Amino acid sequence: MKKLIFFCLELLATLPICAQEWAPVGAEWYYSYGTWNLNIISFVKIASISDTTIAGRPSKILVKTYATDKFGNPPPIIDTFYMHSRNDSVFFWEPDSNQFYLLYDFNANQGDKWHIGYWGIDTVTVDSTSTITINSNTL
């Protein structure tokens, strides 16, 4: 569950806040991170690889690949996630409960809260909202 939340927060950091398709097939994100060995820098690749339908909802198949070093040794670890978007919200599929859970709500207001996942252990709390203009684009 913690890996899923970390994955989703990684994606959130890359999302522009505007009307566009969530994770179009072919989209890729790369993140570097340190390991316990300071001489090794590792990376994570997240890729939207396909469309699918889960529980009657059009969804995306996302694959997250971890590598322990730039040479790919030991063999990469691969996780698969399923996500669905509707209007201003993004949901992730939780196989343990066989249902989707809210991950992002781009129309949430300050003070809004929701639980993430089947166990409801982790809670998202909106502490503020804002916009910024970059190159005449309001984000």
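Which residues point one way from β5 and which the other way? In this predicted model, Ser89, Phe91 and Trp93 point one way from the strand, whereas Val90, Phe92 and Glu94 point the other way, and all are buried, buried meaning under 20% relative accessible area, exposed over 50% and partly exposed in between, with a 1.4 Å probe and protein chains only. Strand β5 is thus mostly covered, with six of its six residues buried.

Residues are numbered from 1 along each chain as its sequence is written. As the model is predicted, local features need pLDDT of at least 70 and side-chain atom pairs count only at pLDDT 80 or more, while totals for chains, interfaces and linings use all residues; side-chain values use heavy atoms, with hydrogens and water left out.

The predictor's confidence in each residue, pLDDT, runs from 0 to 100; its mean over the protein chain is 81, and 74% of the residues reach 70 or more. Over residues 4–9 the pLDDT stays under 50, and the model has 15 contacts beyond four places in sequence for them, a contact being heavy atoms within 4.5 Å.

Four residues lie between the strands in the hairpin of β5 and β6, where asparagine 98 takes a positive phi near 60°.

Aromatic residues come next. The whole structure holds four aromatic pairs, in which rings of Phe, Tyr and Trp (its six-membered ring) have centres within 6.5 Å, planes under 30 degrees apart counting as stacked, over 60 as edge-to-face and the rest as tilted. Phenylalanine 92 and tyrosine 101 form a tilted pair, 6.1 Å centre to centre with 35° between the planes. Tryptophan 93 and phenylalanine 100 have ring centres 5.0 Å apart and planes at 65°, so this pair is edge-to-face; both tryptophan 93 and phenylalanine 100 are buried. Phenylalanine 92 counts as buried because its relative accessibility is 1%, and tyrosine 101 counts as buried because its value is 13%. Trp22, Tyr104 and Phe106 form one aromatic cluster.

Phe92 is also among the residues that touch the most other members of the largest nonpolar core, a group that includes Trp22, Trp29, Leu62, Met83 and Leu103, in a core of 20 residues. Such a core is a set of buried Ala, Val, Leu, Ile, Met, Phe, Trp, Tyr and Cys residues joined through side-chain atoms within 4.5 Å. The elements giving two or more residues to this core include β1 (28–34), β3 (57–67) and β7 (113–116), and the largest share, three residues, comes from β6.

Methods: Pairing = 2+ DSSP bridges.
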